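Student: I am new to this structure and would be grateful for a close look at a single part of it. Please describe the surroundings of the ligand, and then the strands connected with that place.

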Amino acid sequence: MIQLENINKVFKLGKTEVSALKNVNIHVEKGEIFGVIGFSGAGKSTLLRMVNLLEKPTTGDIFINGKNLLILSEKELRETRKKIGIIFQQFNLLSSYNVFDNIAEILRINRVPKQEIKRKVKKLLTLVGLEDKAEQYPAQLSGGQKQRVGIARALAMDPEILLCDEATSALDPQTTDSILELLLDINKKLGLTIILITHEMEVIKKTCDRVAVMDKGEVIEQGTVLDIFSNPRHVTTKNFLRNLYEDTITDDVVERLQKRGHSYILRLAFRGESAYEPVLNKIASNYSVVTNIVHGSITYLKGVPLGILLVHLSGDEDKVEQAITYLKDVVYHVEINLELNKKYKEAMVL
Ligand SMILES: Nc1ncnc2c1ncn2[C@@H]1O[C@H](COP(=O)(O)OP(=O)(O)OP(=O)(O)O)[C@@H](O)[C@H]1O
Ligand SMILES: [Mg+2]
């Protein structure tokens, strides 16, 4: 539905040039929630602004429903933009307008009849849970309520796409959750396609189907949230995930692992409710290997559990290899953790 093809964006500031986006390729499917995560300055907002052409790429193409935005007439572009709502970290509400008028304004600009505006705003206020706040002014609302108004306003023209630029960054964790739930709800109820920008993996894991990780203007990896969480490849992605689950072990734990024949430290990712114990019991009994759980954690991706386990495996070389082959078959992702194994081997030599 949304295709960003080979996007490059160079900002010129006097004599210096800032390369804000470098060869970015992203395809977002209809109805999905696509996350973009990156540190400050990674190019996230610039990327988002490409989708409604608030910012033009230096090179590259943007397609929405197969139409190339860069060759649309002004009128066609205006029509396309109506189908794209946007919400911001700072809400961007008009302080002298009450809640009703903040939402109604965009409908008035688009010459929607008065009665229809009344009906529509009422419906939107119900959708975002602010039925009783129509007369209030932004200054009288909490941050979460302001963002709900922002969402209602973004939905006023019945968009097909909702762009969210750090929509929850100014909110406390509880309010963030309620706004994310609202986004999930409208994604489901209205079939809206959502692109959501954030610097928090928490936000990604609670809402997104797929994610792109950005660093210094580049997309360094992208995929399903499950795959990125199960098997992060890039160090930046690993850093983002570090807050959610521990993936390293301390030196003294490594040193305490005993070497019994051939040994490895494996990182296993279990999907859904599949329990660890039966799998580990099975390899212990079928291959006579000794398993030792070094670390275990569970995280929930859109409510679906993902278990991460660091396991120390040892035994006869061929049995250990067979056990790993078996694990690769039954576990969602198996990785021989190179960094940990190096640490472990070094500790064994001492
Ligand atoms: N209008 C502009 N003119 C010049 N440089 C810009 C402009 N907009 C963005 N940049 C530069 O492009 C780079 C990417 O900026 P962008 O705002 O997209 O980052 P971001 O990932 O959204 O960061 P943040 O998380 O802080 O919002 C930055 O180096 C920024 O300084
Ligand atoms: Mg930004």
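Tutor: A definition is needed at the outset: a polar contact is a pair of N or O atoms within 3.5 Å. The structure is a predicted model, and every value below is computed from it.

With that cut-off in mind, consider ligand 1. An oxygen atom of ligand 1 lies 3.0 Å from a polar backbone atom of Gly 43, which is within the 3.5 Å of a polar contact. Side chains also take part. In Ser 40, a side-chain N or O atom is 2.5 Å from an oxygen atom of ligand 1. For Ser 45, the corresponding distance from a side-chain N or O atom to an oxygen atom of the ligand is 2.8 Å. Taken alone, ligand 1 would expose 640 Å², and the protein buries 61% of that area.

The shell may now be viewed as a whole. Ligand 1 is surrounded by 13 residues, and the closest of them are Ser 40, Gly 41, Lys 44, Ser 45 and Thr 46. Sorted by class, the shell contains six nonpolar, five polar and two charged residues. Which elements supply at least two residues each? They are strand 1 (2-13), strand 2 (16-28) and helix 1 (44-51). Helix 1 gives the most, with three residues.

Two of these contributors, strand 1 and strand 2, lead on to a sheet. Strands of a sheet pair through backbone hydrogen bonds, in either a parallel or an antiparallel manner. Strand 1 and strand 2 run antiparallel and are joined by nine bridges. One example of this pairing is Val 10, whose bridge partner in strand 2 is Ser 19. The two strands form a hairpin with two residues between them, and Gly 14 in the turn has a positive phi of about 60°.

Strand 1 also pairs with strand 4 (residues 59-64): five bridges join them, and the two run antiparallel. Here Gln 3 stands opposite Phe 63 of strand 4. Phe 63 in turn stands opposite Asn 68 in strand 5. Strand 4 and strand 5 are joined by two bridges and run antiparallel.

Put together, these pairings give an open sheet of four strands in the order 2-1-4-5, with antiparallel pairing. Strand 2 and strand 5 (67-68) stand at the edges, and because each has a single partner strand, one side of each is left without a neighbour in the sheet. Strand 2, which supplies at least two residues of the shell around ligand 1, is therefore an edge strand of this sheet.

For comparison, another hairpin may be considered. Strand 12 (residues 290-301) and strand 13 (residues 304-315) pair in the antiparallel sense over 11 bridges. Within this pairing, Gly 296 has Leu 309 in strand 13 as its bridge partner. Two residues lie between the strands of this hairpin, and Lys 302 takes a positive phi near 50°.

Terms used: Residues are numbered from 1 along each chain as its sequence is written. Chains are lettered from A and ligands numbered from 1 in the order in which they are written. This is a predicted model: local features need pLDDT of at least 70, side-chain atom pairs count only at pLDDT 80 or more; totals for chains, interfaces and linings use all residues. Side-chain values use heavy atoms; hydrogens and water are left out. A residue is near a molecule or strand if one of its heavy atoms lies within 4 Å of it. A polar contact is a pair of N or O atoms within 3.5 Å; within protein, one must be able to donate a hydrogen and the other to accept it, and residues adjacent in sequence count only if both atoms are side-chain atoms. Accessible areas come from the Shrake-Rupley method with a 1.4 Å probe; for residues, only the protein chains shown count as cover. Ala, Val, Leu, Ile, Met, Phe, Trp, Tyr, Cys and Pro count as nonpolar, Asp, Glu, Lys and Arg as charged, and the others, Gly among them, as polar. Two strands pair if DSSP finds at least two bridges between them.
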